[in-house]
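The sequence and the structure come first, and the description follows.

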Amino acid sequence: MVTGYAVSDPDSVLEGDLDGFIMSYFSASLDKDLTVQNRQAKVSVVPSAAALVIKALMKLERDRKKMKNIKHNRNISLDDVIETTKVTCPRSMAKDLSGTVKEILGTCVSVGCTVDGKDPKDLQQEISDGDMEVPLD
């Protein structure tokens with residue numbers, strides 16, 4: 001097992017404008033993905049499901065060290081949930097898109113927001129019962 005890689009050009013690791021991309025997520029915690037291939041390193045930022053839900057809520061930027069215990073009690077639409085699902089779908093372990101939608105609705109429960117004025121748990125139950133159809137595309 002190799003524990004370290006020698007990168008030929010350290011400046012090539014930070015190609016692109018990562019700072020602008022990271023700041024667009026309102027100081028939320030983001031996962032960083034470092035891919036090294038043929039001694040060329042590429043850094044990509046992968047937002048978590050919670051970061052995408054909070055971004056859909058359009059909250060203002062905050063200082064995470066000064067502002068604690070923020071209540072995210074706003075409302076997002078089901079279209080925002082489906083757009084978030086399409087971003088997180090490649091990393092999901094669900095078999096189909098409805099399972100990934102239920103994962104994002106679970107994230108909405110933990111964040112504390114509502115979806116189309118309803119409790120996300122109720123929407124999960126409607127999807128499980130077949131009362132609500134999830135688009136396949």
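Thr100 is buried, with a relative accessible area of 1%, where buried means under 20% relative accessible area, exposed means over 50%, and partly exposed is in between (1.4 Å probe, protein chains only). This residue is found in helix H4, helices (H or I, at least four residues) and strands (E, at least two) being DSSP runs numbered from the N terminus. Leaving aside residues up to four places away in sequence, Thr100 touches Thr85, Thr88, Cys89, Ser92 and Ala94, a contact meaning heavy atoms within 4.5 Å.

Not counting residues up to four places away in sequence, Glu103 touches Ser92, Met93 and Ala94. Glu103 and Met93 are ten residues apart in sequence, and their C-alpha atoms are 9.8 Å apart in space.

## Basis of the model

The model is a predicted one, in which local features need pLDDT of at least 70 and side-chain atom pairs count only at pLDDT 80 or more, while totals for chains, interfaces and linings use all residues. Residues are numbered from 1 along each chain as its sequence is written, and side-chain values use heavy atoms, with hydrogens and water left out.

## Overall architecture

The secondary structure comes to five helices and four strands, and from the N terminus on the elements run α-β-β-α-β-α-α-β-α. Of the 137 residues of the protein, 29% count as buried. Among contacts with a sequence separation of 6 or more, 55% are accounted for by residues 24 or more positions apart. The protein exposes about 9,500 Å², of which carbon and sulfur atoms supply 51%; accessible areas come from the Shrake-Rupley method with a 1.4 Å probe, and for residues only the protein chains shown count as cover.

## The nonpolar core

The largest nonpolar core has 18 residues, and those with the most contacts inside it are Val53, Ile76, Val81, Val101, Leu105, Cys108 and Val115. Such a core is a set of buried Ala, Val, Leu, Ile, Met, Phe, Trp, Tyr and Cys residues joined through side-chain atoms within 4.5 Å. Helix H2 (49–56), helix H4 (97–111) and helix H5 (120–129) each supply at least two residues of this core, and H4 gives the most to it, with six residues. Cys108, with residues up to four places away in sequence not counted, touches Val53, Ile76, Val81, Cys113, Val115 and Pro120.

In H2, the buried residues include Ala49, Ala51, Leu52, Val53 and Ala56. In helix H3 (residues 78–88), Val81, Ile82, Thr84, Thr85 and Thr88 are buried. Seen down the axis of H3, its buried residues fall within an arc of 160°, so they line one face of the helix; the arc is that of the directions from the helix axis to the C-beta atoms. These buried residues of H3 pack against H2, strand E3 (75–76), H4 and strand E4 (114–115).

## Cysteines and the salt bridge

The structure holds zero disulfides, a disulfide being a pair of cysteine sulfur atoms within 2.5 Å. Cys113 is in no disulfide, and its nearest cysteine sulfur, that of Cys108, is 3.9 Å away. Cys113 is buried, with a relative accessible area of 3%.

A search of the whole structure finds one salt bridge, defined as a side-chain nitrogen of Lys or Arg within 4 Å of a carboxyl oxygen of Asp or Glu. Lys118 forms a salt bridge with Glu126, the closest N and O atoms being 3.9 Å apart. Lys118 is partly exposed at 38% relative accessible area, and Glu126 is partly exposed at 23%.

## Positive phi angles

Most residues other than glycine have a negative phi. Arg39, which is not a glycine, has a positive phi of about 60°; this residue is placed in the loop between strand E1 (30–37) and strand E2 (40–47), and Arg39 is exposed, with a relative accessible area of 57%. Just after H2, Met58 takes a positive phi of about 55°.

Asp116, a residue other than glycine, has a positive phi near 55°. Asp116 is found in the loop between E4 and H5, and is partly exposed, with a relative accessible area of 44%.
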